[in-house]
Amino acid sequence: MRTPFIAGNWKMYKTVAETVKYVKEFRALVKDVDGVEIVVAPPFTAVRAAAEAARNSNVGIAAQDLHWEREGAFTGEVSGAMIREAGAEYVIVGHSERRTLFGESDASVNRKIAAACAAGLCPIVCIGETFDQRERQETFDVLDRQIKQGLDGLTSDRMAQLVVAYEPVWAIGTGRNATPEQAAEAHAHIRRRLRQWFGPDAAELCHVIYGGSVKPDNITSLMSQPEVDGALVGGASLDVRSFLEIVTKGRDARLR
Ligand code: PEP
C-alpha cells in the first residue's frame, strides 16, 4: 500500500525568517503524525533554511522548479545539484503556473525530470487540463500527452519512485476543486496509462496525488477515494494550522 503523500507548495510566499518560524512550529506539531509523507516547498531562497530547520524531523523539503543542466550560462536558473546541496529531497516539475506563465513545455518537463533524478531529487510532476480542454472533453488526451512526452525515456524503476500530481488547471488557486469523483476518474486514467507504459509494478508504487484548491474541509472526501494517494496544496499550506489539519485529515481518511 502506498503511504499518503501530502506536499505544500508555497509558491512565491515566505521569506527565510518566515520559513524558519513555520518549519519549527510545524515540525513540533507533526512529530507524532506517522503514516504520511509530509513535504513543504518554499521558494529557492529559503530551501536551505527550511532543510536546516526540518533536520531530523518527518518533514521533507522540496524546491519548486529546477533547470535541466547541471551548471552553465543560464542567468536566474538553479540546477538540481544546487537544490540537492541546499538540502531538498524533492522538486516540483511542470507546475501549471510554470507552464502557462513561463512557457514550460512537455519537452522541458521531460529534461527537468531526468535532471532531477540524476541529482538525486524525487520529482513531483504536475499534469492537468485547462477548463476549456475539460469542456471539450479532451482531459484524457491532454493527460496522455503530458505523461507520454513528459515521462518519455524514464525507466520503470525511476517511475516507481515518482510522484505525479494531477492538478486540473481550472482548480488551482480558484477555490473550485475537482469533485472526488472527477479526481478519482482522472487518477484511475493516469494509473492505467502508467501501467500500460511503465508496467504494473511501477504503476503500483508511483504516487498519484491531487492538487487544486485542497482545503481542510475537502481533503477527507478527496482522500477517501482509493485512487487519490495524497495532495499538493498551494494556498492552504501557507498557514501552519490549516496545513496540519490537511495532513492529519488526509492521513486519517486513508486509514479508515
Ligand atoms: C498548487 O499550487 O499546486 C495548488 C494546487 O494551489 P491551490 O491549492 O492554491 O489551488
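Biologist: Where is the place of T19?

Modeller: T19 sits in helix α1, which covers residues 16–29. Helices (H or I, at least four residues) and strands (E, at least two) are DSSP runs, numbered from the N terminus. This is a predicted model, in which local features need pLDDT of at least 70 and side-chain atom pairs count only at pLDDT 80 or more, while totals for chains, interfaces and linings use all residues. Residues are numbered from 1 along each chain as its sequence is written, and side-chain values use heavy atoms, with hydrogens and water left out.

Biologist: Does T19 count as buried or exposed?

Modeller: T19 counts as buried, because its relative accessibility is 0%. Buried means under 20% relative accessible area, exposed means over 50%, and partly exposed lies in between (1.4 Å probe, protein chains only).

Biologist: And which residues does T19 touch?

Modeller: Leaving out residues up to four places away in sequence, T19 touches W10, K14, P42, A46 and A50. Contact here means heavy atoms within 4.5 Å.

Biologist: Which residues of α1 meet α12?

Modeller: Y22, E25, F26 and L29 in α1 meet V240, R241, F243, L244 and V247 in α12. By class, that contact of α1 with α12 divides into seven nonpolar, no polar and two charged residues. Ala, Val, Leu, Ile, Met, Phe, Trp, Tyr, Cys and Pro count as nonpolar, Asp, Glu, Lys and Arg as charged, and the others, Gly among them, as polar.

Biologist: At what angle do α1 and α12 pack?

Modeller: The angle between α1 and helix α12 (residues 240–255) is about 35°, and their axes are 10 Å apart. Axes are lines fitted to C-alpha atoms, for helices over the stretch in contact, and angles run from 0 to 180 degrees between N-to-C directions. The crossing of α1 and α12 is right-handed. A crossing is right-handed if the near helix is turned clockwise from the far one by less than a right angle, and left-handed if anticlockwise.

Biologist: Let us step back to the whole chain. How many helices and strands does the chain have?

Modeller: The chain has twelve helices and eight strands. Its radius of gyration is 17 Å, close to the 18 Å that the globule rule gives for 256 residues, so the chain is as compact as a globular protein of that length. That radius is taken over C-alpha atoms, and the globule rule is 2.2 Å times the number of residues to the power 0.38.

Biologist: What box do the C-alpha atoms fill?

Modeller: Along the principal axes, the C-alpha atoms of the chain fill a box of roughly 50 × 45 × 35 Å. Of the 256 residues, 55% are buried. Among contacts between residues at least 6 apart in sequence, 73% join residues at least 24 apart.

Biologist: Back to helices. Which residues of α5 and α7 meet?

Modeller: D106, V109, N110 and I113 in α5 meet R145, Q146, Q149 and G150 in α7. That contact of α5 with α7 has two nonpolar, four polar and two charged residues. Helix α5 spans residues 106–118 and helix α7 spans residues 139–150; they pack at about 45° with axes 8 Å apart. The two helices are therefore oblique to each other. Angles under 35 degrees count as roughly parallel, over 145 as roughly antiparallel, 65 to 115 as roughly perpendicular and the rest as oblique.

Biologist: What does α7 meet in α9?

Modeller: F140, L143, D144, I147 and K148 in α7 meet E185, A186, H189, I190, R193, L194 and W197 in α9. By class, the contact of α7 with α9 has seven nonpolar, one polar and four charged residues. The packing angle of α7 and helix α9 (residues 180–198) is about 40°, with axes 10 Å apart. That makes α7 oblique to α9.

Biologist: Where is Q137 placed?

Modeller: Q137 is in the loop between α6 (131–135) and α7. Its phi is near 60°, a positive value in a residue other than glycine. Q137 counts as exposed because its relative accessibility is 72%.

Biologist: And where does K11 lie?

Modeller: K11 lies in the loop between β1 (5–9) and α1. Phi of K11 is near 50°, a positive value in a residue other than glycine. At 18% relative accessibility, K11 counts as buried.
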